[in-house]
Amino acid sequence: MLEQLLIHQPKDPIPFMINHLQRDNDYVPKIVILGPPASGKTTIAMWLCKHLNSNLLSVGNLIAKEFSSLAADARRHYQKFKTVPSMLLIRLVQERLSEEDCVRRGWILDGIPETREQALMIQTVGIVPRHVSEWPPTPWGPSPRAAAPRSTIVLSAPDTVLIERNLGKRLDPQTGEVYHTTFDWPPESEIQNRLMVPAGISEGETALKLLEYHRNITRILPSYPKILKVIPADQPCVDVFSQALTYVQSIHRSNAPFTPRVLLCGPVGSGKSLQAALLAQKYGLVNVCCGQLLKEAVADKSKYCEMILPFFEKETAVPDSIIMKVLSQRLDQQDCVERGWVLHGFPRDLDQAHVLDSWGYKPNRVFFLNVPFDSIAERLTLRRTDPVTGERYHLMYKPPPTMEIQARLLQNPKDAEERIKLRMDLFYRSAADLEQFYRQAITLNGDQDPYTVFEYIESGIINPLPKKVP
């Protein structure tokens with residue numbers, strides 16, 4: 001509490017302290033577990049779920065979900081191709097995480113993300129785990145890092161051990177529990193009699209899966225650069241579980257030198273969402289997208305739904321007074337207060353900046369991302385969506401694999417060049433006033449590699465603000 005008083009320095013500390021004590025400080029689990037066959041990740045994930053009273057999410061139970069059109073589409077695609085498109089899978093994850101039990105009790109993703117593309121999609125949509133567990137990495141994988149706001153656990157074991165383990169797997173078809181003929185044989189004869197040999201566990205099939213895993217994991221791990229924890233998998237499951245449980249129950253403070261309140265400004269297509277996701281991932285900040293908050297308020301049928309919905313239906317701007325009610329509700333939550341936040345999508349003009357300031361939300365780092373129209377047009381006008389799978393493509397950077405897919409791709413009307421130019425003009429009409437209002441803002445060239453842009457933003461967050469020479 002003393003730390004919060006020093007950070008916020010409220011004019012009247014007594015109500016501030018009372019409000020702080022009334023907040024719920026319990027963090028629900030948000031864990032990702034990755035790993036190859038027979039590494040024990042599913043067993044550990046199930047044990048963690050039971051111990052933490054959380055929800056287990058895997059590709060299997062996501063596509064088996066009833067009363068979901070997305071799950072039905074995923075099942076049809078899986079039955080035909082034995083895989084689920086990345087965009088469809090992430091949409092399934094988003095749908096599941098928005099449900100009340102996941103919000104209230106947290107979640108554990110078992111084996112998701114499967115590729116770097118999925119890892120980046122997860123970050124972009126704002127799904128940020130507190131802990132990421134990976135069972136196990138390749139022998140040349142990264143070494144464990146120091147404690148960070150979120151964490152990655154890596155269980156390491158040789159492939160030969162994993163292949164041998166996999167051959168002993170047995171599955172309980174009633175409960176989904178996985179047992180092993182050597183290491184984890186059930187004592188009850190009733191369970192023993194109904195155990196089955198799972199499909200796809202032969203030596204050749206396991207070797208192919210391990211090869212695919214190693215190919216993908218080396219590209220996934222850089223998405224979690226400072227949240228990695230290594231636990232040897234070649235030991236009894238109870239020991240692995242004990243170490244994993246100890247780690248996921250730890251709550252880490254942001255590794256930024258203060259509690260950041262970051263504001264990202266820029267025209268449509270300037271990369272604000274991606275930079276916000278990267279900041280949230282590395283520093284444990286809460287990713288607050290104003291537009292997404294409004295959509296969620298309508299989708300969740302919150303108390304603000306009826307106020308917002310008429311403006312959505314008419315495709316007109318939501319009044320600032322309503323926006324601030326929704327935004328303040330989010331920024332006042334405990335995670336934003338303790339860990340800091342990165343806001344984008346608001347304010348868009350000087351009036352909104354004054355409103356944000358009058359409500360007491362004062363960013364301590366502001367960045368303007370400047371990108372020329374030609375680059376933004378290239379980024380946005382070439383975006384396409386496959387109406388069949390929901391997969392998103394870019395005609396230049398991520399073209400569709402076949403002519404059949406390309407023929408059915410659709411463009412979002414918002415990505416039309418005329419509408420993009422109109423939105424850019426609206427932003428730059430107010431940009432000078434915003435830069436004048438936020439006098440200590442840092443202006444960056446957003447027309448470069450996104451990770452180069454991120455390095456500049458990170459430098460602006462960590463280093464002291466430059467003082468103007470008189």
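Contact here means heavy atoms within 4.5 Å. This is a predicted model, in which local features need pLDDT of at least 70 and side-chain atom pairs count only at pLDDT 80 or more, while totals for chains, interfaces and linings use all residues. Residues are numbered from 1 along each chain as its sequence is written, and side-chain values use heavy atoms, with hydrogens and water left out. The chain holds 22 helices and 15 strands; these are DSSP runs numbered from the N terminus, with helices (H or I) of at least four residues and strands (E) of at least two.

**Overall figures**

- The chain has 470 residues, and 47% of them count as buried; buried means under 20% relative accessible area, exposed over 50%, and partly exposed in between (1.4 Å probe, protein chains only).
- Among contacts in the chain with a separation of 6 or more, 71% come from residues 24 or more positions apart.

**Helices H14 and H16**

- Helix H14 (residues 290-299) and helix H16 (residues 320-331) have axes that come within 10 Å and cross at roughly 95°; axes are lines fitted to C-alpha atoms, for helices over the stretch in contact, and angles run from 0 to 180 degrees between N-to-C directions.
- H14 makes the contact through Cys290, Leu293, Leu294 and Ala297, and H16 through Ile323, Val326, Leu327 and Arg330.
- Seven of these residues are nonpolar, none is polar and one is charged; Ala, Val, Leu, Ile, Met, Phe, Trp, Tyr, Cys and Pro count as nonpolar, Asp, Glu, Lys and Arg as charged, and the others, Gly among them, as polar.

**Nonpolar cores**

- The largest nonpolar core has 32 residues, and Val288, Ile308, Leu327 and Leu356 have the most contacts inside it; such a core is a set of buried Ala, Val, Leu, Ile, Met, Phe, Trp, Tyr and Cys residues joined through side-chain atoms within 4.5 Å.
- H16 gives the most to this core, with six residues.
- Leaving out residues up to four places away in sequence, Ile308 touches Leu294, Ala297, Val298, Val318, Ile322 and Val326.
- Another core, of 30 residues, lies apart from the largest one and includes Leu57, Ile90, Leu92 and Val93.

**Salt bridges**

- The whole structure contains 18 salt bridges, each a side-chain nitrogen of Lys or Arg within 4 Å of a carboxyl oxygen of Asp or Glu.
- Glu95 and Lys65 form one of them, at 3.4 Å from N to O.
- Glu95 is in helix H6 (residues 86-97) and Lys65 in the loop between helix H4 (59-63) and helix H5 (69-81), so this pair ties together parts 30 residues apart in sequence.
- Glu95 is partly exposed at 24% relative accessibility, whereas Lys65 is buried at 19%.
- Arg96 and Glu99 form a salt bridge at 3.0 Å, N to O; Arg96 is buried at 15% relative accessibility, and Glu99 is partly exposed at 27%.
- Shared partners join Lys65, Glu95, Arg96, Glu99 and Asp101 into one network of salt bridges.
- Asp73 and Arg76 also form a salt bridge, at 2.2 Å from N to O; they are three residues apart in helix H5, and therefore separated by about one helical turn.

**Helix H19**

- Ser375, Ile376, Ala377, Leu380 and Thr381 are buried in helix H19 (residues 373-381).
- Strand E13 (383-385) and helix H21 (417-437) are among the elements that cover the buried residues of H19.
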